[in-house]
Amino acid sequence: MKKRERILAAIAGQPVDRPPFSLWYHFRLDPPTGEGMVQAELDFYSRYDPDLFKVMHDIDYEMPPNLTVVQSPDDWLKLPVLDGVSGNFGAQLGTVKQIIAEKKDDGPVIDTVFSIFSTMQKATGKNAMEIFRQDTTAAHDGLRRLSESISNYAKALIANGADGIYLAVSGAASDTMTEKEYRDHFLRYDRQILQAASGGKVNVIHQHGVGIYPDIVLGLKGFQVYCWSDRQEGNPSIREMRLRHTGCLMAGVDEVNFGLLTPAEIKSQVNDAIGQSGGKSFIVAPGCAVPTPPASSDENLSAIKEAIMERNA
């Protein structure tokens with residue numbers, strides 16, 4: 001099987017020649033877009049050969065010139081609606097388009113799109129809930145602007161050849177807010193963003209955090225793959241999540257302790273994850289980004305594919 005066929009078969013719950021896999025980390029380049037990022041991504045993809053090419057998204061959310069961060073309820077109305085194809089979003093979109101054009105195989109390409117709470121955290125200097133709770137009515141004025149901007153970018157990605165988005169959903173976990181707060185105030189905007197990418201064939205929802213509320217996010221429509229940190233205490237295991245969701249799951253490797261593990265331990269996690277999944281509708285991957293090298297060694301980064309190929313030898 002080629003990569004696209006393998007990924008689409010896993011999504012459809014059909015037999016695969018071997019389990020597909022993916023992995024990624026933050027390159028932390030300056031600038032975070034453009035030729036340097038394109039080359040870094042392509043070199044990574046060539047070296048570690050994942051089936052699913054997840055492009056990293058390290059650009060800042062673009063704030064208006066007169067507003068560095070949202071500090072008060074009055075600031076929400078100062079946020080513009082971004083078109084998704086110019087400014088920082090445009091630079092990232094250009095990077096993704098160039099990666100798609102220069103990639104030499106058929107592996108699906110997706111780019112990270114940050115959820116409404118993730119973007120709100122950036123816009124408020126990581127004081128999202130404190131400012132939100134000061135005046136929820138005013139905050140929703142800002143959230144509508146943010147979600148429209150993010151949705152414009154998600155739509156542009158699909159229109160320009162991306163196979164899907166990796167919607168990084170923060171907030172839907174007990175380490176951030178209550179289940180009721182997420183459901184009442186943020187779920188509608190993440191639904192809107194996902195709908196904007198409805199043309200994607202490989203839309204991934206990554207549920208970030210510890211103590212996640214999976215049933216809320218699994219109720220969304222328009223995604224094909226569900227990803228979460230299964231190795232983190234307080235989150236469901238792959239076996240537990242399979243009872244909740246019959247669709248394609250993506251998880252299995254401990255991203256938090258990745259740099260401290262041996263290659264043999266990573267291979268053990270890969271084999272355990274495939275076993276828990278039942279070998280169907282599953283993509284092996286870390287629960288989130290692994291540490292940027294040198295914290296992640298070449299041996300550890302290579303271990304995921306090696307484990308899969310050894311199983312199929």
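Q: Which residues of H3 are called buried in this predicted model?
A: Phe-89, Gly-90, Gln-92, Leu-93, Thr-95, Val-96 and Ile-99 are the buried residues of H3. The term applies to a relative accessible area under 20%. Their packing partners are H2, S1, S2 and H6.

Q: How do you know that the length of H3 agrees with its number of residues?
A: H3 has 16 residues, and at 1.5 Å a residue these should span 22 Å. The end C-alpha atoms of H3 are 23 Å apart, so the span agrees with the expectation.

Q: Which residues of H2 are buried, and what covers them?
A: Met-37, Val-38, Ala-40, Glu-41, Leu-42, Phe-44, Tyr-45 and Tyr-48 are buried in H2. The cover over these residues includes helix H1 (3-12), strand S1 (53-55), helix H3 (87-102) and helix H12 (298-311). In an α-helix there are 3.6 residues a turn, so residues three or four places apart point the same way.

Q: Why is Val-113 called buried?
A: The relative accessibility of Val-113 is 1%. The term buried requires a value under 20%, so Val-113 counts as buried. Val-113 is part of strand S2. Leaving aside residues up to four places away in sequence, Val-113 touches Ile-150, Tyr-153, Ala-154, Leu-157, Ile-165, Tyr-166, Leu-167, Ala-168 and Ile-193. Val-113 and Gly-164 are 51 residues apart along the chain, and their C-alpha atoms are separated by 9.9 Å.

Q: Is Gln-276 buried or exposed, and why?
A: Gln-276 has a relative accessible area of 12%. Since buried means under 20%, Gln-276 is classed as buried. Gln-276 lies in helix H11, residues 263-277. Its contacts, not counting residues up to four places away in sequence, are Ser-237, Ile-238 and Arg-239.

Q: Why are Cys-227 and Cys-248 called buried?
A: The limit for this term is under 20% relative accessible area. Cys-227 has 0% relative accessibility and so counts as buried. Cys-248 is likewise buried, with a relative accessible area of 0%.

Q: What makes a space a cavity, and how many of 30 Å³ or more are there?
A: In a cavity a 1.4 Å probe fits but cannot get out. The structure holds one cavity of 30 Å³ or more. The volume of the largest cavity is about 140 Å³. Its lining comprises 15 residues, of which His-57, Tyr-61, Phe-89, Phe-114 and Thr-119 are the closest to its centre. H3, S2, H4 and helix H6 (136-159) each give two or more residues to this lining, and S2 gives the most, with three. By class, eight lining residues of the largest cavity are nonpolar, four polar and three charged.

Q: What lines the largest pocket, and how much space lies in it?
A: About 900 Å³ of space lies in the largest pocket. Of its 35 lining residues, His-26, Phe-114, Lys-122, Ser-170 and His-208 are the closest to the centre. Strand S2 (109-114), helix H4 (116-123) and strand S3 (164-169) each supply at least two lining residues, and H4 has the largest share, with five. The lining of the largest pocket has 14 nonpolar, 13 polar and eight charged residues.

Q: Which residues line the second largest pocket?
A: Its lining consists of Lys-3, Leu-42, Tyr-45, Ser-46, Asp-49, Glu-102, Lys-103, Lys-104 and Asp-105. The volume of the second largest pocket is about 150 Å³. H2 contributes the largest share of its lining, three residues. By class, two residues of this lining are nonpolar, one is polar and six are charged.

Definitions and conventions. Residues numbered from 1 in each chain as written. Predicted model: local features only at pLDDT ≥ 70, side-chain atom pairs only at ≥ 80, totals over all residues. Heavy atoms only, no water. Buried < 20%, exposed > 50% of the residue type's maximum accessible area, 1.4 Å probe, protein only. Helix = DSSP H or I, 4+ residues; strand = E, 2+ residues; numbered from the N terminus. Contact = heavy atoms within 4.5 Å. 1 Å grid on protein atoms, 1.4 Å probe; cavity = no way out; pocket = protein on both sides within 12 Å on 5 of 7 lines; lining within 4 Å. Points joined across faces, edges and corners; volume = space filled by probe spheres on them. Nonpolar A, V, L, I, M, F, W, Y, C, P; charged D, E, K, R; others polar. Expected span 1.5 Å × (residues − 1).
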